[in-house]
Amino acid sequence: MKQEMSSVDIKYIVEELKSLEGALIDKIYHDGEQIRIKLRVAGEGRKDLIIEAGRRIHLTTYIKEAPQQPSSFTMLLRKYLSGSRLEKIEQHDFDRIVKLKIGEYTLIAELFKRGNIILVDKDNVIVSALRYEEFKDRVIKPKHEYKLPPARENPIDISWEKFKELISSQEVEIVRALARNLNMGGLYAEEILLRAGVEKTKKANELNEDELKAIFDRMKEVFNSPKNPNIVHKDSTPIDVLPIELKWYEGYEKKFFETFSEALDEYFGRILIESAKLERTKKLQDKKRSLEVTLRKQEEMIKGFEKEMQENQEIGDLIYANFAFVENLLKELSKAVEKLGWEEFKKRIEEGKKSGNKVAQMIKSVDPKEKAVTIELEGKKVRLYLDKSIGENAEIYYEKAKKAKHKLEGARKAHEDTLRKIEEIEKLIEEEEKKELNVKKLEKRKKKWFEKFRWFISSEGFLVIGGKDATTNEIVVKKHMSENDLYCHADIYGAPHVVIKDGKKAGEKTIFEACQFAVSMSRAWKDGIYSGDAYWADPSQVTKKAPSGEYLGKGAFMVYGKRNWMHGLPVKLAIGVVEYEGERLPMCGPVDAVKAHADKYIVIRPGRTKKSELAKKIAKIFEKWGYKVDLDELMQILPPGNGEIVEVVE
């Protein structure tokens, strides 16, 4: 099962992540080997970029609960990067290294081996890192210049002559030569050879020019394949995630995705959830395993004590069952030892065995030190002490049986205690597994095209859209304004360009609402102004052509000709959940417009409550009404600045 991204994967994901360039760094979180960067993307809202040292980088919807106490690395990254823009993201050569240029700093994600995440300044000097390390050729510590690991050849840029020269000099299998020298990994090396029809075990330096050319051409083909992100399954289990389709996995079950980020997120997200489940019960599982080891030892001890008790009891009983014989034997053997001494006694016993003496053959060993002999009686070995009576000899075995029984009782009690502890831990594990995971998947619905802008549905049913910033202002006018629409703008710096779609059919009420929307979504809200002026005009009057000697920046337009003014428009909006095109959408617009489409709504105006806190208050009211609205979605549709709730209509 795949555990980390390859250089090829990184090539494709970086191409995708370039769409994040220009995004604002909102907040940064750090947990273990991972950092998560919360971004604000113009027209799209929140995006979460996950970087896991040594493993992966992609957008994610699997959000792990942040540690209660931010790490020092978190605080440092927030200090230097929060509020800045992601200016550039690039892969270093064809290596598993990604550089993110953020303001004056660069965040470097090393995704090879154990990996690292390093922050460097504009002079390429290390500010901090996930971990500090020293290698033979480079040092990852503050105030040291950041040095890249030794570079390898790039299979995308390499020429045919260089490729031929490099591979022909390798005295290893061709699959290894490709994987190691061209930094592509084993899977892609195998894929190239499969497509080229070259046996992977052939020595690289033994290949002819035709074979080398076939490999070179297929390599270029693979690394220029059209993107087709997929997760490969074997027996319904995901085993790999890829940016392109591979012949190597022909016949395997595959699930396809629109973006490589979505595929990576689904694949690694599942791993994250499984690891979160294991992490949550790890200590309990470790304790359970330890107790199970103890339980097995106790079971072995119980068997040993049962055997010891039974054997000693049986021997004691055997002595009494053969009372006369054993008593007579003790007397005869004692007399012989007394007369001959132990050495001579032993000698006579050995001689007796050879001559076939039955009593001598019964004796298996002699222990002069303990004054004892071991005999075989009815198939069992019985140790008899010659200086003790038959009763005393039997009692020795009965006493051993009693001790074994006592130990057995203790072992059984300990065994029961261990079983009880295991049951208790199993219940705790079950309870933990029922608890909500600290990893949540952000379920984001697919937004409608107009939701990347400011928007509302007028009380007469017309769609009204407006820009959020210079980029979206430019898009609203250039891409989405047609000759059948109407254009509105507030008489204040930083106001959005507002377009009433099909506005030439709209009544005065819609035009009034659109102009009020233009004022309310302008800087007037942020500045705490309670009224303002706006105008409407024909789309033909709006142009990018600046007066002579002047220049219009991004998002700026000129309006020539007559402007239809509306004065003293209230800076006030409402927010509610409306039904539109078969979906329930949170909408922020003029009070009358929201009132026309929602049974329940909240009226807001400029105020002192922080925008994020205002969004939380609104979300709680919606939740009480049975509407589950994403907090980030609310932040996107609310006006730019602090505010307050002035009325809740139910």
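## How to read the model

Residues are numbered from 1 along each chain as its sequence is written. In this predicted model, local features need pLDDT of at least 70, side-chain atom pairs count only at pLDDT 80 or more, and totals for chains, interfaces and linings use all residues.

## Paired strands

Strand β22, residues 486-490, runs antiparallel to β24, and four bridges join them; two strands pair if DSSP finds at least two bridges between them. Here C488 stands opposite W536 of β24.

Strand β27, residues 564-570, is also antiparallel to β24, with five bridges joining the two. Y535 has W565 in β27 as its bridge partner.

## Nonpolar cores

Now look for the largest nonpolar core, with 77 residues. A core is a set of buried (under 20% relative accessible area, 1.4 Å probe, protein chains only) Ala, Val, Leu, Ile, Met, Phe, Trp, Tyr and Cys residues joined through side-chain atoms within 4.5 Å. Among those with the most contacts inside this core are I57, L100 and L107.

Leaving out residues up to four places away in sequence, L107 touches residues including I35, L77, V98 and I118; contact means heavy atoms within 4.5 Å.

## A charged lining

What classes of residue line the second largest pocket? Its lining has nine charged (Asp, Glu, Lys and Arg), four nonpolar and two polar residues.

Technical notes:
Heavy atoms only, no water. Buried < 20%, exposed > 50% of the residue type's maximum accessible area, 1.4 Å probe, protein only.
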